[in-house]
Amino acid sequence: MRILLVLAHPLPESFAASVARTAREALEASGHVVDLIDLYAEDFDPRLSEAERRGYFDMPYDTSAVADIVARLKAAEGLVLVFPQWWFNFPAVLKGFFDRIFAPGVAFTHDAAGGRIVPELTNIRLLYALTTTGSPWWLVHLYMGDPVRRLLKRGIAAFCSKKLVFRMLSLHDMDRATEARRAAHLERVRKALAAV
């Protein structure tokens, strides 16, 4: 399977970078082809341009400014996202990735009758989110309602395929995580992706 692995963290020595390395190693050891997009290292501009916004309902939508990444997404059968949760949400660079890449004609088309959208990324059969939070589990789940999981599962994944396998692995309370907890999380990531 061809996997698009997207890393969204500005520090190359971050724990997220370690998670991405672990994910890549596990996937490649299982025979998958991994295409890594490090959004910061590739200097991805998350800002939706004026032209992109003005043309949002044009058919076909103009993706020429991000054509390389769109092609990489369309060539993939799986998508693995690696990112920290900041303020119970995606880092801005990852939100911008969704805004600019998951565009009309790529991730979905507008139903001409209005209202609903039609999924277009049917090539994506699995979506894994590998993430960390600074907050403890109870705060993310019980108080905040796990907003990132909801956005990914009900929003982003719904644009891909009805038979999409979705899984999210999170290390909560990251700011106080011991080396042992971090190592255990990396092993959890390794096992989960080795089984893909």
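**The cavity and the strand beside it**

Tutor: About 30 Å³ of space lies in the largest cavity. Keep in mind that this is a predicted model. The structure holds one cavity of 30 Å³ or more.

The lining of the largest cavity consists of Ala16, Val19, Val82, Phe83, Leu130, Thr131, Thr132 and His185. By class, five of the lining residues are nonpolar, three are polar and none is charged. Three elements, α1 (15–29), β3 and β6, each supply at least two residues of this lining. β6 gives the most, with three residues.

That makes β6 the strand to follow. β6 covers residues 126–133. It is mostly covered: eight of its eight residues are buried. Leu126, Tyr128, Leu130 and Thr132 point one way from the strand. Leu127, Ala129, Thr131 and Thr133 point the other way. Both sets are buried.

Now the partners of β6. β3 and β6 run parallel and are joined by eight bridges. β6 and β7 also run parallel, with seven bridges between them. Alanine 129 shows both pairings. Leucine 81 stands opposite alanine 129 of β6. In β7, methionine 168 is the bridge partner of alanine 129.

Is threonine 133 buried or exposed? Its relative accessible area is 4%, so threonine 133 counts as buried, the cut-off being under 20%. Which residues does threonine 133 touch, leaving aside neighbours within four places in sequence? The contacts are Gln85, Val140, Leu171, His172, Asp173 and Met174.

Isoleucine 3 has its place in strand β1 (residues 2–7). Isoleucine 3 has 1% relative accessibility and counts as buried. Isoleucine 3 and leucine 130 are 127 residues apart in sequence. In space, C-alpha to C-alpha, they are 14 Å apart. Beyond neighbours within four places in sequence, isoleucine 3 is in contact with Leu27, His32, Val33, Val34, Asp35, Gly78 and Val80.

Helix α6 spans residues 147–156, and its Pro147, Val148, Leu152 and Ile156 are buried. Why do these four lie on the same side of α6? They cover an arc of only 130 degrees around the axis, which puts them there. Lys153 and Arg154 are exposed on the other side of α6. The cover over the buried residues of α6 includes β6, together with β3 (78–85), α4 (92–101), α5 (137–143) and β7 (165–171).

The largest pocket has a volume of about 250 Å³. It is lined by 13 residues, and the closest to its centre are Lys95, Phe98, Asp99, Ile156 and Phe159. α4 and α6 are the elements that give two or more residues to this lining. The pocket lining divides into nine nonpolar, two polar and two charged residues.

To put the picture together: β6 gives three residues to the cavity lining, pairs in parallel with β3 and with β7, and is part of what covers the buried residues of α6.

How values were computed:
Residues are numbered from 1 along each chain as its sequence is written. This is a predicted model: local features need pLDDT of at least 70, side-chain atom pairs count only at pLDDT 80 or more; totals for chains, interfaces and linings use all residues. Side-chain values use heavy atoms; hydrogens and water are left out. Buried means under 20% relative accessible area, exposed over 50%, partly exposed in between (1.4 Å probe, protein chains only). The arc is that of the directions from the helix axis to the C-beta atoms. Contact means heavy atoms within 4.5 Å. On a 1 Å grid over the protein atoms alone, a cavity is a set of points where a 1.4 Å probe fits but cannot get out, and a pocket is an open set with protein on both sides within 12 Å along at least five of seven lines; lining residues have an atom within 4 Å of a point. Grid points are joined across faces, edges and corners, and a volume is the space filled by probe spheres set on the points. Ala, Val, Leu, Ile, Met, Phe, Trp, Tyr, Cys and Pro count as nonpolar, Asp, Glu, Lys and Arg as charged, and the others, Gly among them, as polar. Two strands pair if DSSP finds at least two bridges between them.
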